Amino acid sequence: MEKEKVIEVKDLVKRFGAFMANDRLTFDVYRGEIFGFLGANGAGKTTAMRILCGLSRPTSGRVTVAGIDASRRPEEIKKRIGYMSQRFSLYEDLTVRENIELYGGIYGMSMKVIIPRREALLDRLSFTQYGDMLIHALPLGLRQKLAFAVAVFHDPEIVFLDEPTSGVDPVTRRQFWEMIYETASHGITVFVTTHYMDEAEYCDRIAIMSEGQIAAIDSPSALRKQYGTASVEELFVKIARPQKSKT
Amino acid sequence: MAFVRKEFLHIFRDVRTLIILFGIPAAQILIFGYAVRTDLKNASIAVLDNARDNVSTELTRKLEASEFFAVTSLLESYDEIDATFKEGKIKAVVIFPEDLGARLTREGNAAVSIIADATEPNTASLVTGYTSGILNDYSATLTGHITSGLPVIAPEVRMYFNPNLQSHFMFVPGIITLILIMVSALMTSVAIVREKEFGTLEVLLVSPLKPWQIIVGKVAPYFFLSLFNVIIILLMAWFVFRLPVRGSIALLIAECMLYILMGLSFGILISTIVDKMENAIIITFMVLLLPGLLLSGFIFPIENMPKIYDYISMILPPRWFIEIIRPIMIKGAGIAYVWKETLILAGMTLFLMVLSARKFKVRLEEKAG
């Protein structure tokens, strides 16, 4: 894997009044890797992710996403990334085809470009027979797949997945991760937050956040070795919930 | 724009939305037009004729002949008045003085007392108004010209502008006022909050769409649908009740646009405050629809309210809107008559727009995790 940095974060601080949500975060994400972002609720991962997506400005520090400064031109970042949240990001009362058209249109693609790509996508997913069905008529697993396909439809450099598999059965999760691998193999960087520790094992590298700071960052196997734990789950419990809560 | 198209698709796919959009306006027109009539029909009145001369007999006959009244009892003395009212069967008593005919010939004017049962203030004012109207008509025929300097008890304005004395003339502007609030404020707030609930708003915010584009895209369809609704209501008013718009249609539509903008801004404002569709509905009802219905002068004339409600109604946009479109529709008034109200409404609209735009921005930033 060539080590081209696609996300560079240096001394990122985000403060809400007196509350320090992100305390001097520093990390890089490389092109084409699957980067897992872990942390307990309130550890600051959503805040960091919102900054990376151009939704919120850092209080201080340097954040570069796809070569663009997040404090100065966040709108530019939005054009180059894809996003999928834990909740379904598709419109349930629109058909599969209409949803794809809508997102293509939002990202400034013309119908001339959208239609052939859309058909190719449906074909690849073997979704053609569902093309004119409303989303709410589709089973959950298919919706999930489609939501992901839509998030990368405009060929972003990075796709952000915010707990994409919460509430999904293991089989579907497995299929979903196959799609993630496939996407990463095309050079799209995948930045994913998750609650499932087994999913963390699928990532190329993971960062574990705790109390606004990055407590550990490396490949899952290296981290396991370093902390002497058998699984990422054990590791997470060890790092993300510090024994000494009084400081 | 793909985004606006999508919003239309949402609307046309949802049967409930369609019913709210088109069914309710039609139903309201018919209900208010036919069922809720505030005009009089065969109201029972009593006559106490102390004069018993040509004039009083003629007037009694005229009252009886009009479709508004039925003279159900002829009283003999003042003592009976109280009892008659207590029975509750009559709305008013018309009392002719002993010297009615004599005074008319001698001095050219005379007084006729009308006592109305004011337990229902609206009806009472209608009864007195109509009775005065009939008396005035009669005095006009006596003197031979219509607008003489006779002592007239000021007839109600609506009689003057609404010669058929039909109440649905009054209701159409009121219905427009309410429907526009429903479609613009209620539907927009629900539409935006729905995206919040389903998590799709988040995705839109991460997209290259600017916040204002999202908002404009969300509300534009409702703007057009609201206008479309105005036109439907006006057409229905014309075809069902033969109610013409006397004033300039262009002015009317322009005022409606202003009012719709107010509603949309209000809808956006609500959507920034609440996170659940039910709450959006409740707030719109409590803050805009209910006070609008009760205090705007739609059903109950503002003049009849205690002063305090008058002041409260001044902060309600619907009140000003009704005061604008009523004269335009019924009297054919031009901008010269309603510019002040228009200015107030425009000010409110601007205020709400700025407020909602700022609120929307703040909401985007403050979401911490």
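This is a predicted model: local features need pLDDT of at least 70, side-chain atom pairs count only at pLDDT 80 or more; totals for chains, interfaces and linings use all residues.
Which residue of β7(A) stands opposite A:Ile81? A:Ile158 does.

**Chain A overall**

Chain A holds nine helices and 10 strands. Its radius of gyration is 18 Å, which agrees with the value near 18 Å for a compact globule of 247 residues. The C-alpha trace spans about 55 × 40 × 35 Å along its principal axes. Of the 247 residues, 42% are buried. Among contacts with a separation of 6 or more, 69% link residues 24 or more positions apart.

**The six-stranded sheet**

Six strands of chain A build an open sheet, ordered β6-β7-β8-β3-β9-β10. The pairing is mixed. On average, neighbouring strands are turned by 15 degrees against each other, direction ignored.

Helix α6 (residues 170-185) of chain A packs on this sheet. The helix touches β3 (34-39), β7 and β8 (189-193) of chain A. Its direction makes about 145 degrees with that of β8(A).

**Strand β7(A) and its partners**

Strand β7 of chain A covers residues 158-162. It runs parallel to β6(A), joined by four bridges. On the β8(A) side there are five bridges, and that pairing is parallel too. A:Val159 can be followed through both pairings: it stands opposite A:Gly82, and also opposite A:Val190 in β8(A). From β7(A) the chain crosses through α6(A) to β8(A), a right-handed β-α-β crossover.

Why is β7(A) described as largely enclosed by the rest of the structure? Because five of its five residues are buried. In a regular strand, side chains alternate between the two faces of the sheet. In β7(A), A:Ile158, A:Phe160 and A:Asp162 point one way. A:Val159 and A:Leu161 point the other way. The charged A:Asp162 is thus listed among the buried residues.

**The sheet of chain B**

Chain B has an open sheet of four strands in the order β2-β1-β3-β4, again with mixed pairing. Its edge strands are β2 (69-75) and β4 (113-116) of chain B, each pairing on one side only. The twist averages 25 degrees from one strand to the next.

Strand β3 (residues 92-96) of chain B pairs with β4(B) in the antiparallel sense, over four bridges. Within this pairing, B:Ile95 stands opposite B:Ser113. Helix α4 (residues 79-87) of chain B lies across β1 (43-49), β2, β3 and β4 of chain B. It runs at about 135 degrees to β2(B).

| Strand pair | Sense | Bridges |
|---|---|---|
| β6(A) and β7(A) | parallel | four |
| β7(A) and β8(A) | parallel | five |
| β3(B) and β4(B) | antiparallel | four |

**Where the chains meet**

How many residues does each chain bring to the contact? Chain A gives 28 residues and chain B gives 20 residues. On the side of chain A that touches chain B, α1 (45-52), α2 (74-80) and α3 (96-106) of chain A each supply at least two residues. The largest share, five residues, comes from α3(A). By type, that side of chain A divides into 11 nonpolar, eight polar and nine charged residues.

Methods: Residues are numbered from 1 along each chain as its sequence is written. Chains are lettered from A and ligands numbered from 1 in the order in which they are written. Two strands pair if DSSP finds at least two bridges between them. Axes are lines fitted to C-alpha atoms, for helices over the stretch in contact, and angles run from 0 to 180 degrees between N-to-C directions. Two residues are in contact if their C-beta atoms, placed from the backbone, lie within 7 Å. The radius of gyration is taken over C-alpha atoms; the globule rule is 2.2 Å times the number of residues to the power 0.38. A residue is buried if 20 or more other C-beta atoms lie within 10 Å of its own, exposed if 12 or fewer, and partly exposed in between; C-beta atoms are placed from the backbone. A crossover is right-handed if, with the strands pointing away from the viewer, the path from the first strand over the helix to the second runs clockwise.
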